[in-house]
Every structure is written in C-alpha cells, then in structure tokens.
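Open the model in your viewer and keep the selection panel at hand.

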Amino acid sequence: MTLTSPTGPKRSKTQFRTHAAIVSLALGVSVTLPAVVGVIAPTPVIAQEFPAFRQALAEGVGESRALSSFYREIGYTEVWTGAEHAARRSALVSALSRAEEHGLPSARYDLQGLLAAFNAVQTERDRGFVEARASLTFLQYARDISSGVLEPSAVISDIVRDLPRPDPAVLMREFTAAEPVSFIRNLAPSAPEYARLFHAKRELEDTIANGGWGPTVQAGSLQPGQHGSAVVALRNRLIAMGYMPRVATARYDGMMQRAVQEFQVAHGIDPDGVAGSATIREINVAPEERVRNIVVALERERWLNIPRGDRHVWVNLTDFSARVVDFDQVTFQTRSVVGSRANQTPEFSDVMEYLEINPDWTLPRSIVAEYWGALSSGGARHLNMIDGQGNVVPREYVDFARYSPTSLPFNVRQPPGPGNPLGEVKFMFPNAHAIYLHDTPSRSLFGHSVRAYSHGCIRLQDPRDFAYTLLGMQEVDPEAYYQRVLRSRQQTRVSLLTPVPVHLVYRTAFTSVTGRMNYRADIYRRDSRLYDALLRAGVEVGA
C-alpha cells in the first residue's frame with residue numbers, strides 16, 4: 001500500500017518510516033537505519049510536496065502568534081524534523097535532559113513525550129505536529145532558563161521586575177542561524193554568579209548523595225576550650241562543609257575557632273568564634289534546605305539576566321549591605337538598614353541620577369499619620385506645611401479638624417539640618433516606590449546583626465564614603481567637593497554625569513568571588529513563598 005499526496009508523487013509507508021528512523025537515530029534511540037535513507041528529498045521539496053505537513057505545522061503553532069509568523073516567513077519548512085537537523089535535535093534533547101540541574105521544571109518540557117512523538121511519526125501530518133511540538137518545547141525551555149520560570153510579581157507584589165523575556169520569533173531566527181549546542185548553552189544567564197550557584201548546587205547534591213554533613217550538633221552553645229561529643233560533631237560538620245581540614249582533635253581549639261569565625265562570616269553572624277545558639281542553629285541546617293535556597297537564587301538570577309552596568313550599586317536586602325561594583329569587582333561596601341517586616345523594601349532595578357546634599361525630608365503620607373496627633377495639637381514644630389507652590393503655610397492657618405493625613409492639601413516637610421532623618425545626603429533613583437538610599441542621624445542600629453528597621457528606604461552607615469566613590473568618576477577631589485557643598489548648608493542637587501544602575505535584590509543564598517556559599521535569613525519570608533511557587537510550577541528538588 002502507498003500513501004499518496006494530492007499534489008506530489010507517491011511515497012511508500014517504508015519511506016515515511018525511514019524518515020522517522022532518521023529522527024529517532026538522531027535522538028539517541030537505537031534504530032537500524034535502512035539503506036533507503038538516501039532517497040529522502042531535500043526539506044523544501046518535502047514541504048512543497050506534502051501540504052499535510054504544512055497544515056499540521058500551522059495548526060500546531062496556531063496559538064503562538066510569534067511562532068506562526070516565524071514559520072510563515074520560512075514557508076512552513078522544517079527546523080527540527082529534517083534529516084539534516086540531527087544536531088539541533090540532539091542539542092535540544094541534551095538541554096532538556098539537564099533542565100533539573102538548573103532548578104527548572106523538567107516535567108513542563110516532557111522530554112519523554114517528545115521522544116515518543118518523534119518515534120511515532122508515520123505520516124507527514126504526524127511530522128508537522130512533532131515539528132510544532134519541538135519548537136514550542138524549545139521556546140518554553142529558552143524562556144524559562146533565560147528569564148525565569150515564575151512571574152515574580154504574581155507571587156509577591158514587592159518584587160517588581162521587568163523580566164528579560166526573549167522574543168520567540170527572534171529567538172527562532174537566531175537559533176536556526178547558529179551552532180545549536182553553544183546557542184542553547186548560552187541561553188542561561190552569563191553572570192558569574194549563576195555559574196557559581198549552579199556548581200554549588202551540584203556539589204551539595206553530591207554531598208547529600210554521599211550522606212550529607214553528618215550528625216547535627218547537640219548543644220545549645222559551645223566555646224573555645226571545651227571538648228566532648230558535641231565538639232566532635234561541630235568539628236565534623238565544619239570539615240564536611242569545607243571550613244576545616246581533616247583533623248582528629250576533640251577539643252575546641254584555635255583552628256576550630258577560626259573555622260567557626262569563617263562559618264559565621266558566611267552566614268551573617270557576628271564572627272566572635274563562639275558557637276552560640278545562632279551559630280549552632282545555622283550549622284545544623286540540613287544540606288537539603290540549602291539546595292532549596294540555591295534553587296530560588298538561580299531563579300532570581302534568571303530574572304536579572306540583563307546588563308547590570310559596568311559600574312552599578314548592588315543592595316542585598318537580606319545581607320543588610322550596599323556595594324559599588326565596578327567590572328564585577330566590589331570597590332566599596334557599607335552596612336545598611338532596610339525596611340522592617342511591616343514596611344518591607346521592594347525589589348527592583350533603576351538608575352541613580354543624582355545626589356542631594358543637605359536634603360530636606362518630605363514625609364510620606366503613611367508617616368504623616370504617625371505625626372498627626374502632634375501636628376494637630378501644635379507639636380512637632382520642626383515640621384513645616386508646604387503648599388503646591390513650595391511656600392511654608394503657617395501652622396495656625398491649617399484647620400486640622402477638616403482633614404485627615406491622606407486628605408491634607410499640604411506636604412509635610414522637615415528642612416535640612418542635623419536632626420533630619422535623611423542626614424546630610426540622599427542618593428536618588430526616582431521611582432514609583434519612593435525608595436532611595438540616604439544617611440541617618442540614628443547610628444546605633446548599624447551595630448545590630450539584623451537591621452530591618454526603616455520605613456522602606458535604605459540607610460547607609462558610611463554615606464560620605466559612598467558619595468566620594470560615586471563622585472570620584474567626575475571630580476578630581478570628590479571629598480573636598482562634597483565637604484564644600486555640605487558646609488554651605490544649602491540644599492544642593494549634584495547630578496551624576498554618568499547615571500549608575502541600582503539593583504535592590506533579595507538573596508538568601510549567594511557566593512563570594514571564590515565560590516564559597518553565603519546564606520542569610522529569609523527576613524521577609526519571600527524565598528519560602530517563591531520556593532513553594534516553584535514547586536507548584538513543577539520544579540523538583542531532591543527527586
């Protein structure tokens with residue numbers, strides 16, 4: 001029996017099955033390739049002779065406007081299912097088989113179903129549908145690995161990211177013009193942090209497969225000079241985690257104290273070398289939980305798969321730090337205070353445009369409410385009422401009984417001065433969230449390990465040095481320039497001649513440049529919610 005195309009010559013079932021055999025062989029399935037392979041016609045001829053392929057392909061991609069447009073452009077010819085496309089198929093299969101290593105939802109791509117569909121091809125219509133399925137699978141994988149599995153703002157409204165979603169039609173055009181293995185490999189973020197997290201995840205999974213980090217430490221706290229079974233357990237976990245060489249000591253000696261200090265630094269704990277309750281709690285965290293931290297960190301890296309700026313400001317909310325990064329090297333770092341759990345600092349990226357030295361402070365309406373009792377009773381005289389023209393309105397002219405904190409027709413503003421909550425300088429990247437970096441007269445909070453106390457803006461411990469670093473790109477003597485403006489006591493805007501990207505991020509797992517993992521507490525409980533969302537999306541961890 002032969003299968004006949006209404007517009008072309010007859011082809012036997014054997015020839016159709018031969019085409020399926022070629023596909024199967026390229027996908028790594030054990031198939032004996034018949035000698036008749038050589039009669040397969042070039043792809044454009046097949047597409048023209050068998051409109052059933054084109055029709056099925058059009059139906060298969062019909063719900064994707066971009067993919068439909070792409071295939072129209074190339075005349076509905078094949079990209080995956082031709083005899084000459086073995087390298088593309090192999091590259092896709094290899095990538096999908098490793099999707100789980102990246103913390104991606106491998107079930108979403110259904111590699112086994114795709115392979116089965118290729119092997120089941122009997123007709124050109126079958127092949128058209130498989131062609132469509134391969135493209136749709138590729139685009140889903142490419143989207144996920146390059147820009148993330150989740151839509152973060154749909155999970156947590158305080159994560160405001162403009163995800164770098166690739167254009168499907170452009171992606172297909174670029175892929176078909178490129179070497180497939182390198183193209184698919186380069187879909188993942190190129191930032192060094194992504195590669196370091198990826199390798200750390202694999203190493204942790206190997207550690208788990210080999211028994212983990214050993215028994216937990218059964219002690220409330222341990223100090224240098226102590227010995228016993230709990231100290232041995234502490235020693236063994238420090239060795240397993242890479243903080244100590246293999247030693248036989250059962251005493252909390254100087255080597256163990258230094259190892260504890262290194263561990264504390266990597267976990268955001270005051271590095272006093274004493275294994276107190278916080279240190280014991282962190283050292284007893286299971287490696288499986290750390291893998292979950294890294295899976296979320298990988299997803300967060302995919303959301304930021306964008307040029308971050310040769311120079312940029314990196315504020316990690318969980319680490320309570322602000323850094324200036326130049327060409328991937330930290331050139332300045334300071335402690336920060338971030339929003340409290342009730343007033344959480346959002347995550348977003350923007351561009352710092354200017355500094356304001358000797359700033360005034362316009363109170364957000366939420367904070368006006370906190371001062372309302374004092375304002376309406378004649379107190380809080382350090383605050384001024386400002387009308388729409390910027391004029392100070394005498395307090396006695398305001399009938400507070402007619403208004404509420406939200407309906408007050410004036411801004412409430414504190415002029416520059418030593419008591420101003422913004423201190424002597426603020427760093428502005430104008431945004432819809434009214435978030436910025438600034439100085440503060442309240443210095444005591446920087447001594448705390450957990451520094452989540454603000455109304456949402458980010459306070460800096462060393463704002464002057466931060467300003468000097470930023471101004472160093474445009475001033476010969478940035479310190480002298482800054483001090484001269486400061487002494488004027490005049491509110492002064494200083495534009496950055498080269499605006500600096502600012503990234504407010506939230507990382508409970510991140511690496512040092514040497515690759516050592518660092519972990520921080522999930523202060524806003526965001527990562528636990530993201531992890532649950534990844535599980536719902538099909539990500540499997542520890543499977």
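Predicted model: local features only at pLDDT ≥ 70, side-chain atom pairs only at ≥ 80, totals over all residues.

Numbering starts from 1 along each chain as its sequence is written, and side-chain values use heavy atoms, without hydrogens and water.

Select helix H5 (residues 86-97) and helix H8 (residues 124-147): their axes (lines fitted to C-alpha atoms over the stretch in contact) come within 11 Å and cross at roughly 45°. Now show the side chains in contact (heavy atoms within 4.5 Å): Leu-92, Ala-95 and Leu-96 on H5, with Ala-134, Thr-137, Phe-138 and Tyr-141 on H8. Six of these contact residues are nonpolar, one is polar and none is charged.

Next, select Trp-361, Pro-364, Ile-367, His-455 and Cys-457, the closest to the centre of the second largest pocket among its 30 lining residues. A pocket is an open set of points on a 1 Å grid with protein on both sides within 12 Å along at least five of seven lines, and lining residues have an atom within 4 Å of a point. The volume of this pocket is about 630 Å³. Helix H17 gives the most to the lining, with four residues.

Finally, select Arg-161, Arg-300, Trp-303, Leu-304, Glu-347, Val-505, Tyr-506 and Arg-507, which line the second largest cavity (points where a 1.4 Å probe fits but cannot get out). About 40 Å³ of space lies there. Its lining has four nonpolar, no polar and four charged residues.

Note on methods
Points joined across faces, edges and corners; volume = space filled by probe spheres on them. Nonpolar A, V, L, I, M, F, W, Y, C, P; charged D, E, K, R; others polar. Axes fitted to C-alpha atoms, helices over the stretch in contact; angles between N-to-C directions. Helix = DSSP H or I, 4+ residues; strand = E, 2+ residues; numbered from the N terminus.
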